[in-house]
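User: I am new to reading protein models. Can you walk me through some features, one at a time?

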Amino acid sequence: LNYTVKGIIWYQGENNVNDPAEYRSIFTEMVKDLRTSFGSQIPFYFAQIANYFNYGGKLSSFRQMQLNLLQIINTGMVVTLDIGENYDIHPSNKRDVGNRFALLALSRTYGLKIVDSGPILNKLDFDGKYANLYFKNTGAGLKITDDSKPSFEIAGKNKIYFESDVNVYKNFLQLSSNYVKDPKYVRYAWSGAAKASLFNIEGLPASPFSSEYISAINQ
C-alpha cells in the first residue's frame with residue numbers, strides 16, 4: 001500500500017460463471033476495497049471472459065453481467081469475443097488483450113484521442129417489423145464481418161428467437177425477420193461459442209448483449 005498505483009487491470013471470472021449475481025457482488029466490493037486503498041477514483045479496467053465450450057450455456061448471461069458492470073464509475077471493459085478459443089479456457093492470444101487494455105489506459109487515463117473500445121448498445125427502438133439498434137463507441141462507423149451469419153437474433157413477446165437480417169449504417173443497425181412481425185427483443189452473439197461479427201471500423205469488437213437484460217436501454 002506504500003506504492004503509488006496509476007490504475008488496475010483485471011482478467012478473471014471463469015470459476016464464477018455459474019453465479020453471475022455473486023460475482024457482481026464480490027467484483028463490486030473488490031473495486032470498492034482497492035479504491036479505498038489506492039484512491040477513490042483509480043481507474044479499473046477488466047476483460048470480459050473469452051469463449052469456451054463447457055460453461056453449460058451460462059456464459060452469455062455472465063458476459064451480460066460483466067457488460068453491466070460498466071455502470072461502476074471509471075471502469076472500462078476489454079471484449080475478447082473475437083480472440084477466444086472454444087476448446088481452451090485460457091486462449092493463447094494475449095497480445096490483443098494487452099493491446100486493448102493499453103488503448104483503454106492511453107485514452108481514459110492518459111488522455112490520448114483514440115478509439116479505445118468496440119461498439120456498445122446504447123439505445124433500442126422498434127418501428128413496425130424493424131428493430132433499430134444505436135451504439136456508442138462506433139469510431140469511424142460500424143461494420144459486419146460475416147454477412148452469412150452475423151450472430152444477431154430477434155424475437156416477439158414470446159421470446160422465441162430467429163436469425164435476423166441486418167442492415168448496417170454508420171452508427172446503428174436495423175434488424176428484421178420474416179418470422180417476427182412485431183419484434184420486442186434482440187440479442188447478439190448469445191452463446192458460449194458465438195462468432196464475433198460486429199466491429200467498429202477501427203477493428204474493435206462489440207460486446208455480446210441481450211435487450212432482455214439491459215435495464216439502461218430505452219425501449
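Analyst: Let us begin with cavities. A cavity is a set of grid points where a 1.4 Å probe fits but cannot get out. This is a predicted model, and its structure holds 2 cavities of 30 Å³ or more.

User: What volume does the largest cavity have, and which residues line it?

Analyst: The largest cavity has a volume of about 80 Å³. Its lining includes Met-77, Val-78, Val-79, Arg-100, Leu-103 and Leu-104. Asp-116, Ser-117, Gly-118, Leu-204 and Pro-205 also line the largest cavity. Two elements, β3 and α3 (95–109), each give two or more residues to this lining. The largest share, 3 residues, comes from α3. By class, the lining has 7 nonpolar, 2 polar and 2 charged residues.

User: Which residues line the second largest cavity?

Analyst: Tyr-11, Ala-50, Thr-80, Ile-83, Pro-91, Asn-93, Lys-94 and Val-97 line the second largest cavity. About 30 Å³ of space lies in it. Its lining counts 5 nonpolar, 2 polar and 1 charged residues.

User: Now pockets. What is the volume of the second largest pocket?

Analyst: A pocket is an open set of points, whereas a probe in a cavity cannot get out. The second largest pocket has a volume of about 200 Å³. Of the 13 residues that line it, Lys-149, Pro-150, Ser-151, Phe-152 and Glu-163 are the closest to its centre. The lining of this pocket has 5 nonpolar, 3 polar and 5 charged residues.

User: How many salt bridges does the structure hold?

Analyst: Side chains of opposite charge can pair when their charged atoms come close. This structure holds 6 salt bridges. One of them joins the side chains of Lys-32 and Glu-29, at 3.4 Å from N to O.

User: Where do Lys-32 and Glu-29 sit in helix α1?

Analyst: An α-helix has 3.6 residues a turn, so residues three or four places apart point the same way. Lys-32 and Glu-29 are 3 residues apart in helix α1, which means about one helical turn separates them. Lys-32 is partly exposed, with a relative accessible area of 48%. Glu-29 is partly exposed too, at 43%.

User: Which residue forms a salt bridge with Glu-153?

Analyst: Arg-187 does, with the closest N and O atoms 2.8 Å apart. Glu-153 lies in strand β7 and Arg-187 in strand β11, so the pair ties together parts that are 34 residues apart in sequence. Arg-187 counts as buried, at 18% relative accessibility.

User: Which parts does the salt bridge of Lys-159 and Glu-212 tie together?

Analyst: The side chains of Lys-159 and Glu-212 meet at 3.5 Å, N to O. Lys-159 lies in the loop between β7 and β8, and Glu-212 in the segment after β13, so the pair ties together parts 53 residues apart in sequence. Lys-159 is partly exposed, at 40% relative accessible area. Glu-212 also counts as partly exposed, at 26%.

User: Last one. Where does pLDDT stay under 50?

Analyst: pLDDT is the predictor's confidence in each residue, from 0 to 100. The protein averages 93, and 96% of the residues score at least 70. Over residues 215–219, pLDDT stays under 50.

Note on methods
Residues are numbered from 1 along each chain as its sequence is written. Side-chain values use heavy atoms; hydrogens and water are left out. On a 1 Å grid over the protein atoms alone, a cavity is a set of points where a 1.4 Å probe fits but cannot get out, and a pocket is an open set with protein on both sides within 12 Å along at least five of seven lines; lining residues have an atom within 4 Å of a point. Grid points are joined across faces, edges and corners, and a volume is the space filled by probe spheres set on the points. Ala, Val, Leu, Ile, Met, Phe, Trp, Tyr, Cys and Pro count as nonpolar, Asp, Glu, Lys and Arg as charged, and the others, Gly among them, as polar. Contact means heavy atoms within 4.5 Å. A salt bridge is a side-chain nitrogen of Lys or Arg within 4 Å of a carboxyl oxygen of Asp or Glu. Helices (H or I, at least four residues) and strands (E, at least two) are DSSP runs, numbered from the N terminus. Buried means under 20% relative accessible area, exposed over 50%, partly exposed in between (1.4 Å probe, protein chains only).
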